[in-house]
Amino acid sequence: MTVWILFLLGILVFLALDLGVFNKNPHVISVKEASIWTSVWVTLSILFSGVVYWLYGSGKIDNVDALTPMDASLKYITGYLIELSLSIDNIFVIAVIFGSFQIPQKYQHRVLFWGILGAIVFRALMIFFGVALIKKFGFMTYIFGAFLIFTAIKMLVSKQEAFNPKKSFIYRNLRKVMPITTHMQGQKFFIKIRHITAATPLFIALVIIEFTDILFALDSVPAILAITSDPFLVFSSNIFAILGLRSMYFFLSNMISRFYYLKYSLVAILSFVGIKMILAHHYTFPEWVSLCFIGIALFVGVIVSKKS
């Protein structure tokens with residue numbers, strides 16, 4: 001538990017520095033600033049694989065699957081790349097939500113910050129139950145694998161429909177249970193209007209982003225469980241991908257339409273991990289195969305998108 005506590009404390013320290021020091025005053029995050037922070041988070045995430053190697057080599061963490069240090073590091077990096085690639089669709093949806101509620105750019109970071117905290121809690125719960133199900137019921141690997149392949153096929157054949165947050169189930173029901181205003185006072189989530197406390201567009205955007213993250217987690221959590229069912233590896237790779245999502249959003253939000261063919265990379269990745277999960281009881285893919293496949297799929301998607 002010591003490793004878990006230190007890891008969570010480290011995440012809380014990073015978040016406290018983010019909100020209390022680096023982004024204490026709301027401001028428009030430039031592409032340059034976003035690119036720097038994206039590089040920082042990606043670098044920290046990759047370097048953490050060295051920490052994973054040390055933890056599993058020294059026996060300082062409960063190695064439930066008896067992994068070698070190298071296998072643990074490769075599984076962590078593979079899981080991180082999967083979570084990072086699947087977050088691309090999430091970035092597009094976040095951009096649509098902010099645009100729909102006309103959230104000023106200088107307040108978007110605050111919404112994403114609190115969205116990250118909620119995402120960490122929800123992901124932790126989903127990972128806990130997902131790992132428990134796989135450990136207790138071996139047949140769950142077939143169900144998760146089939147679900148991932150179904151998701152990949154659906155992504156491939158379905159037409160991209162415009163997402164309108166104001167017509168969503170969440171927004172329509174929020175209006176029934178609380179007063180909502182279109183006015184904003186700085187970066188406040190709630191304001192007083194004639195003795196009535198009303199939710200501002202910032203709060204509505206936050207709630208919808210939280211629920212969309214839960215929906216995306218239905219794909220991403222089973223995907224990483226196809227790589228490993230080790231709780232620490234699943235959780236840490238998820239958390240690093242989520243923490244880097246904010247800076248990546250500001251870096252990619254204006255360019256996301258240029259990466260159209262990444263959709264097919266995600267289809268390939270989901271199909272691969274789905275097949276891997278279904279075959280888990282019969283054949284084990286070497287870790288380098290999974291890592292190489294995911295890396296090549298992402299690389300090809302980016303290159304083809306740039307040339308088109």
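**View 1. Aromatic ring pairs in the predicted model.** The count comes to 20 aromatic pairs in this predicted model. One of them joins W4 and F235. Their ring centres are 5.7 Å apart and their planes meet at 35 degrees, so the pair is tilted. W4 belongs to helix α1 (residues 2-22), and F235 to helix α8 (residues 231-243). The two residues are 231 residues apart in sequence, so the pair ties together separate parts of the chain. W4 is partly exposed, at 24% relative accessibility. F235 is buried, with a relative accessible area of 5%.

**View 2. The rings of F190 and F203.** The centres of these rings, F190 and F203, lie 4.6 Å apart. Their planes stand at 45 degrees, so this pair is tilted. F190 sits in strand β1 (residues 190-193). F203 sits in helix α7 (residues 201-225). The pair links distant parts of the chain, 13 residues apart. F190 is partly exposed, with a relative accessible area of 39%. F203 is buried, at 16%.

**View 3. A cluster of aromatic rings.** Ring pairs join W4, F7, F48, Y76, Y80, F232, F235 and F240 into a cluster. W4 and F235, the tilted pair with centres 5.7 Å apart, are among its members.

**View 4. Helix α5 packed against helix α10.** Two packed helices are described by the angle between their axes and the distance between the axes. Helix α5 spans residues 140-157, and helix α10 spans residues 262-278. They pack at an angle of about 160 degrees. Their axes are 8 Å apart. An angle over 145 degrees counts as roughly antiparallel, and α5 and α10 are therefore roughly antiparallel to each other. Their crossing is left-handed.

**View 5. Residues at the contact of α5 with α10.** From α5, the contact includes T141, Y142, F144, G145, A146 and L148. I149, T151, A152, M155 and L156 of α5 also take part. On the α10 side, they meet K263, Y264, L266, V267, L270 and S271, along with V273, G274, I275, M277 and I278. By class, the contact has 16 nonpolar, five polar and one charged residues.

View 6. T141 is found in helix α5. Is T141 buried or exposed? At 7% relative accessibility, T141 counts as buried. Leaving aside neighbours within four places in sequence, T141 is in contact with I134, M277, I278 and H281. Of these, M277 and I278 are in α10, where they meet α5.

Note on methods: Residues numbered from 1 in each chain as written. Predicted model: local features only at pLDDT ≥ 70, side-chain atom pairs only at ≥ 80, totals over all residues. Heavy atoms only, no water. Phe/Tyr/Trp six-rings, centres within 6.5 Å; stacked < 30°, edge-to-face > 60°. Helix = DSSP H or I, 4+ residues; strand = E, 2+ residues; numbered from the N terminus. Buried < 20%, exposed > 50% of the residue type's maximum accessible area, 1.4 Å probe, protein only. Axes fitted to C-alpha atoms, helices over the stretch in contact; angles between N-to-C directions. Parallel < 35°, antiparallel > 145°, perpendicular 65-115°, else oblique. Left-handed = near helix turned anticlockwise from the far one by under 90°. Contact = heavy atoms within 4.5 Å. Nonpolar A, V, L, I, M, F, W, Y, C, P; charged D, E, K, R; others polar.
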